[in-house]
Amino acid sequence: MSTLLLAAQQAGELKDGLQSIGAGIVYGAAAIGPGIGIGLVVGNAIQAMARQPEMQGTIRTTMFLGIAFTEALALFGFVLFFLAKS
Amino acid sequence: MPLLGAFTFPPIDEIFRWKDILFEGTPFAINKTALMVIISSIAILALMIGGSRKMKLQPGGTQNVVEMTYEFVDNGITKDVVGHDAGRYTPFLGTLFLFILFLNIWEVIPGIQFPPTSRMGIPGYLAIQTYVIYLVVGFKNQGFKYLTGHLFPPGVPKALYVLVTPIEFVQLFLVRPFSLAVRLLANMMAGHILLTALSLLTAYALSHNPGVLKVIAVGPFLLNIGVIAFEVLVAFLQAYIFTLLTAVYLGDALHPEH
């Protein structure tokens, strides 16, 4: 009886552990693409600003737009992290 | 000897859920989040009325702040993004910007430090509002062309419509409102969790370490101050981005694809 209880308990712990690992992988994997993407967006925006300082306002607005669209994927991953954990 | 070893983070529910204060058990129950929304609305009203009651040619004090905010929204968002003929959308976009900014900024106000926008109710409602408005404006202005212009973009080879049309449909009707809401929610939620974790680490290091080892609390404490400064930036930026994206969708609904 007690061994059965222990086995059940261990199975629960195993499930918890695997869930945590899965949640970690979800967020880590979701952050790779947007990280590269935001880097590209901001890098090119800075280059554009350096070449044409008079267009700074427009470039900055467009840059924020680009960041917002790229970032959305990472944030979906962040929300999935909580869903996967619970 | 625990340095920061045995620290455990409280469950997420514990730092985002508040008990009802007033009208408990009814659908109109008010908790801390709802109270903060009401206070923010009153604060915005007071600021706007106070700044525009006795207008002078040479603005000073409150009037200056109000005029700067108006110009920021009118020039930077409405005229630049929606279009030069879209001045009538400035009140809506300005209200949206101020409302989100005032709610976000609660995150760094000492003693309160909880952004109401980190509960899905508020970003969700705001996203649905934006969704309904841009769809109504789009169909009113362009008629059925609004839908066909999106689903069958010109200049795409006919065979590719098999791929493009479903993607555009999902983008227009699902991804846009969902990402609007989730972007605001997740940013504020992440900031709140980060601040909570650093504060709790500081308290843990102070209370669980003996004597000189308490010095280790300096690390999370200094980091906390840095993150608070960063969160002020995030609060402003998220309000700006939400308004900017609303403006982009509105501009898209007003003017057909260039």
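**Chain B at a glance**

From the N terminus on, the elements of chain B run α-β-β-α-α-α-α-α-α-α. That comes to eight helices and two strands. The model is predicted.

**Overall form**

- Chain B has a radius of gyration of 23 Å. A compact globule of 258 residues would have a value near 18 Å.
- Along the principal axes, the C-alpha atoms of chain B fill a box of roughly 70 × 60 × 40 Å.
- Of the 258 residues of chain B, 30% count as buried.
- Take the contacts in chain B between residues at least 6 apart in sequence: 64% of them join residues at least 24 apart.

**A helix pair**

- Helix α7 of chain B covers residues 161-208, and helix α8 of chain B covers residues 218-254.
- The axes of these two helices come within 10 Å and cross at roughly 170 degrees.
- Angles over 145 degrees count as roughly antiparallel, so α7(B) and α8(B) are roughly antiparallel to each other.
- Which kinds of residue make the contact of α7(B) with α8(B)? The residues divide into 17 nonpolar, six polar and two charged.

**A residue with positive phi**

- Most residues other than glycine have a negative phi.
- B:Gln113 has a positive value, with phi near 45 degrees.
- Where is B:Gln113 placed? This residue is in the loop between α4 (90-104) and α5 (121-142) of chain B.
- Is B:Gln113 buried or partly exposed? B:Gln113 counts as partly exposed, because 15 C-beta neighbours lie inside 10 Å. Being buried would take 20 or more.

Technical notes
Residues numbered from 1 in each chain as written. Chains lettered and ligands numbered in written order. Predicted model: local features only at pLDDT ≥ 70, side-chain atom pairs only at ≥ 80, totals over all residues. Axes fitted to C-alpha atoms, helices over the stretch in contact; angles between N-to-C directions. Helix = DSSP H or I, 4+ residues; strand = E, 2+ residues; numbered from the N terminus. Parallel < 35°, antiparallel > 145°, perpendicular 65-115°, else oblique. Nonpolar A, V, L, I, M, F, W, Y, C, P; charged D, E, K, R; others polar. Rg over C-alpha atoms; globule rule 2.2 N^0.38 Å. Buried ≥ 20, exposed ≤ 12 C-beta atoms within 10 Å, placed from the backbone. Contact = placed C-beta atoms within 7 Å.
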